[in-house]
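This briefing covers aromatic contacts, charges over rings and a surface patch. The sequence and structure come before the details.

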Amino acid sequence: INAEYMGDKQDGDSDDLHKLRNLIISSRAKYNDPDVIKEAQRRFGLGFDAKELTKDLVVPVYATVLKNGGRAEYEKIWKRYKDVDDKEEKDRILRVIGLTGDPDCIAETLKKCLSDDVRGQDKVFVLRGCFANKRGGQMSWEYLVENWDALWEAMGSGMLATYMPGLPKLAFTTDEKAKEVSDFFDTKKEKCPCEMKMNQSLEGIRCNASWLKRDLADIEAWLKGAG
């Protein structure tokens, strides 16, 4: 799949093949394929309404541009969020805005979670992006610890709020962090009835830690040999 096509639907493509193209392009962008990054940046530069920026490509293009850009790209996409009326477009932006490569912009994004800019039902999705950002995991955890009660209340203490305990497993991969997260959860179990989600999150962190201990050396050796 040539990067220049970015998953564009080709003549004769079935819906499933088109979805597969998008999945492959998204994966190549996630793992820093330079050709895909270059093409995403080119399309982004054409403007939000360019025909080359189809609905299917908005998320991978925005995510790639944010991850490999800085404040200029971040502010341009955030302005788009503020200006546009289309709810689907707003949702797409909130899911990727935390992937910015600029640590200062990650901090700003976290602060937005308790502002009127982000609706209660959308806050967890913004947090998820920040936790999934390798530059933002620890920062996001510190923010969550400091603002847990306010976030829980802002999300309505309902189903969406129960997703909060699952966020740390997106960022952490050590037994030490599992214990730190567990100790914090112990202080919140009484007021936040989501013990199952907490346990699942801790299990995820411990599984990641176990997998790294078991396989990391072999993977590093293989990559050195393949390189």
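Rings of Phe, Tyr and Trp (its six-membered ring) pair if their centres lie within 6.5 Å; planes under 30 degrees apart count as stacked, over 60 as edge-to-face and the rest as tilted. The model is predicted: local features need pLDDT of at least 70, side-chain atom pairs count only at pLDDT 80 or more, and totals for chains, interfaces and linings use all residues. Residues are numbered from 1 along each chain as its sequence is written, and side-chain values use heavy atoms, leaving out hydrogens and water.

**Aromatic pairs**
- The structure holds 10 aromatic pairs.
- Phe44 and Tyr62 make an edge-to-face pair, 6.3 Å centre to centre with 85 degrees between the planes.
- Both Phe44 and Tyr62 are buried (under 20% relative accessible area, with exposed over 50% and partly exposed in between; 1.4 Å probe, protein chains only).
- Trp141 and Phe184 are also paired edge-to-face, at 5.5 Å between centres and 85 degrees between planes.
- Trp141 is buried at a relative accessible area of 2%, and Phe184 is buried at 12%.
- Ring pairs join Trp141, Trp148, Trp152, Phe172, Phe184 and Phe185 into a cluster.

**Charges over rings**
- The charged end of Lys112 sits over the ring of Trp78, 4.7 Å from its centre (NZ of Lys or CZ of Arg within 6 Å of the ring centre and within 35 degrees of the ring normal).
- Lys177 lies over the face of Phe172, 4.9 Å from the ring centre.

**Surface**
- Ile24 is partly exposed, with a relative accessible area of 33%.
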